[in-house]
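Please examine the sequence and the model below.

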Amino acid sequence: MKQLLFTVGLSAAVLLGGCKKACDEDVDACGCGTTHDAAAADVNAEAMPNPVAEAALKNPDGLALQVNEFKMTNKQLADQVDMIVKSLKGNIPEGQEDAARANIARRMTEMLVSKELLLQAATKAGYKVEAADKAAVQTKFEEAAKERGVSVDEFIKQLPQGEAAARKEVEENTLIEKYLKAEVESKIKIDDAEINKQIELVNAERNEKQKLAESLLKKVRDGGDFAKLAEENSDCPSGKQAGGSLGKFPRGQMVKPFDDAVFTLNEGQISETLVETQFGYHIIKTTKKYPAKEATDSEPAEPEMVEASHILISLPRPVSKEEMSEMYKRRAYSQAIGELLQTLRTSSKVVTPYDSEYAEMMQEAKAKMEAVKEGAEAAVEKAEAAVEKTVEAVEGKVNELKK
């Protein structure tokens, strides 16, 4: 099981890797070769306040971060953020630097608090970095250098925080990993009955999805409106919005089973059977075919291309018992660490640049609740007065009738 990464010096790679992975997964999420809108949402997030940068300018030596005895000045925290931003240079869209910096500042602050809480807990519990751990740190440096195709010395020179700080960070992370493995991971228990139940649910959903796909295939092959059925049923965002149309594309752009099927069909032909890919079941219609063209003196060569539409019925991936168990372990591990951090934070003195912001938010929320309460009370009083007035009028009428 992968442990948490807290290495501040390597956080840029972690942040960038996480963003890139999310974007890569979002691109072609249904096998249609289209980029969907969710990609890079983090980087393009609405600009937010950046108290880290503001405090560093106003009072560089002031206290920015505290976790019990651990303290960091405004400038030190801002420098950590700057190091990450510089490492991400070229990967942040133009005009989004301020938003990215503010986002990174918030994440970096929480990462530092979490790391320090766990490091202090590990030290207090008696965990130490042994000679074998230091050897493992050296191995990590060697593996990282090999991945980048450079020597260990060259890799270390490239680290923005320098060798001593980098080794210290990795050793601290190793200590945290030892602590979490003994105090959290080793105590996680998996219920086999629950695992088997979840696998059965996945298989049942796959069966239902297959029945739906087969019924849609029959409808379109019997003359049903392909575009309408795609808009009503397809799980492909781009295809669903355009009646299933994928536009014009060359051979090799789609995943292989899809690619093979769409280029085999004739113009106007619909696949006779469901085409299964890692994204689910596809019903494919080839609407137009374009043969490859050789280059001429006036025009470049063009590859073989097609225009096509599809209906995608996504499928949950089949999961083995081992995979499901691992998923449950990761989920339980993450939950246990979250609960541990909450407990540690509650019993510790933690100060961050966002404390006042949270306090203001709580005050605003409280003020709104009070305003709502006051408004409700005023409305009740007004309603009671109106009722009382109505009752008096009715009683007056009754008295008149009695006379």
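Is Asn68 buried, partly exposed or exposed? In this predicted model, Asn68 has a relative accessible area of 25% and is therefore partly exposed, since buried residues fall under 20% and exposed ones over 50%. Asn68 belongs to the loop that links strand 1 (63–67) with strand 2 (70–73).

Attention now passes to charged side chains. Side chains of opposite charge can pair when their charged atoms come close. Across the whole structure, 16 salt bridges are found. One of them joins Lys75 to Asp79, with an N to O distance of 3.0 Å. Both residues are part of helix 3 (residues 74–87), where they stand four residues apart, about one turn of the helix. Lys75 is partly exposed at 44% relative accessibility, and Asp79 is partly exposed at 36%.

A further salt bridge connects Glu110 and Arg345, whose closest N and O atoms are 3.2 Å apart. Because Glu110 lies in helix 4 (residues 97–124) and Arg345 in helix 12 (residues 321–346), this pair ties together parts that are 235 residues apart in sequence. Glu110 is partly exposed, with 28% relative accessibility, and Arg345 is likewise partly exposed, with a relative accessible area of 29%.

Within helix 7 (residues 163–183), Glu163 and Arg167 are four residues apart, or about one helical turn. These two residues form a salt bridge with closest N and O atoms 2.9 Å apart. Glu163 is partly exposed at 38% relative accessibility.

Key
Residues numbered from 1 in each chain as written. Predicted model: local features only at pLDDT ≥ 70, side-chain atom pairs only at ≥ 80, totals over all residues. Heavy atoms only, no water. Helix = DSSP H or I, 4+ residues; strand = E, 2+ residues; numbered from the N terminus. Buried < 20%, exposed > 50% of the residue type's maximum accessible area, 1.4 Å probe, protein only. Salt bridge = Lys/Arg side-chain N within 4 Å of Asp/Glu carboxyl O.
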